[in-house]
Amino acid sequence: MKIAVFCGSNFGKSDIYREAAAALGAALAERQVELVFGGTNKGLMKIIADAVLEGGGTAHGIVPQTLVDKGQQYPKLTRAEIVATRSVRKRRMAEVADGFIAMPGGVGTVEELFEMWVDAQFDGHTKALGLLNVGGFFDGLLVFIDTMIDRGFLPPQHKNMIIVGSDPRALLAAFTS
């Protein structure tokens, strides 16, 4: 199994995000799930890749050439795939992965999650979509999703396409149940 993780290229202001990235990386390695990620040596991306590799797992980085040129490619990738643009990276991650987990991050993380969610709605893919809701990071998003449902802009069953959890091991277990 291969899981694409969307997460921040920053660390966030609390150590809970670093700890969650390390815990998710360890859980992926324990379950022998290959990490597919943006492939940089920055922020939570670096922490999750370090934890996967320390646990004996594999890390497949899909990195845009512009980030390679800036020296931001994670140096210990099990598999490095260099692509032309960020858009191509996202499409490749979608093709390669069997499921997706979004961790705390910025607009790029949210955009990646939403694109996979929209693809599930329109294209009908059945790949698992997860939110690792560290410290309530996604609580506001979940309220917003409820607002879309309440106001008739989102069918309720579409919310059920997203698995939400705060524990990495339990979230991964939900992917396979």
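In this predicted model, helix 5 supplies the largest share of the lining of the largest pocket, with four residues. The volume of this pocket is about 420 Å³. In total, 27 residues line the largest pocket, and those nearest its centre are C7, G8, S9, G106 and T109. Besides helix 5 (107-123), the elements that give two or more residues to this lining are strand 1 (2-6), helix 2 (43-54) and helix 4 (86-96). Sorted by class, the lining of the largest pocket holds 12 nonpolar, 11 polar and four charged residues.

Helix 4 and helix 5, both named among the lining elements, also pack on one another. Their axes lie 11 Å apart, at an angle of about 50°, which means that helix 4 is oblique to helix 5. The handedness of this crossing is right-handed. On the helix 4 side, the residues in contact are R86, R89, K90, R91 and A94, and they meet E111, E112, E115, M116 and D119 of helix 5. Charged residues number eight in this contact, alongside two nonpolar and no polar ones.

The axes of helix 1 and helix 2 come within 7 Å of each other and cross at roughly 35°. This crossing, too, is described as right-handed. Helix 1 brings Y17, R18, A21, A22, L24, G25, A26, L28 and A29 to the contact, while helix 2 brings L44, I47, I48, A51 and V52. The class count for this contact of helix 1 with helix 2 reads 12 nonpolar, one polar and one charged.

Helix 1 has a further packing partner to consider. Helix 1 (residues 15-30) packs with helix 8 (residues 168-175) at an angle of about 45°, and their axes are 8 Å apart. Helix 1 is therefore oblique to helix 8. Helix 1 makes a right-handed crossing as it passes helix 8. From helix 1, the residues A20, A23, L24, A26, A27, L28 and E30 take part, and their counterparts in helix 8 are P168, R169 and L172. This contact comprises eight nonpolar residues and two charged ones, with no polar residues.

Read side by side, the helix 1 contacts share some residues. L24, A26 and L28 are listed in the contact with helix 2, and L24, A26 and L28 are also listed in the contact with helix 8. By class, the contact of helix 1 with helix 8 has eight nonpolar residues, and the contact of helix 1 with helix 2 has 12. The contact of helix 4 with helix 5, in turn, has two nonpolar and eight charged residues.

Terms used:
Residues numbered from 1 in each chain as written. Predicted model: local features only at pLDDT ≥ 70, side-chain atom pairs only at ≥ 80, totals over all residues. Heavy atoms only, no water. Axes fitted to C-alpha atoms, helices over the stretch in contact; angles between N-to-C directions. Parallel < 35°, antiparallel > 145°, perpendicular 65-115°, else oblique. Left-handed = near helix turned anticlockwise from the far one by under 90°. Contact = heavy atoms within 4.5 Å. Nonpolar A, V, L, I, M, F, W, Y, C, P; charged D, E, K, R; others polar. 1 Å grid on protein atoms, 1.4 Å probe; cavity = no way out; pocket = protein on both sides within 12 Å on 5 of 7 lines; lining within 4 Å. Points joined across faces, edges and corners; volume = space filled by probe spheres on them.
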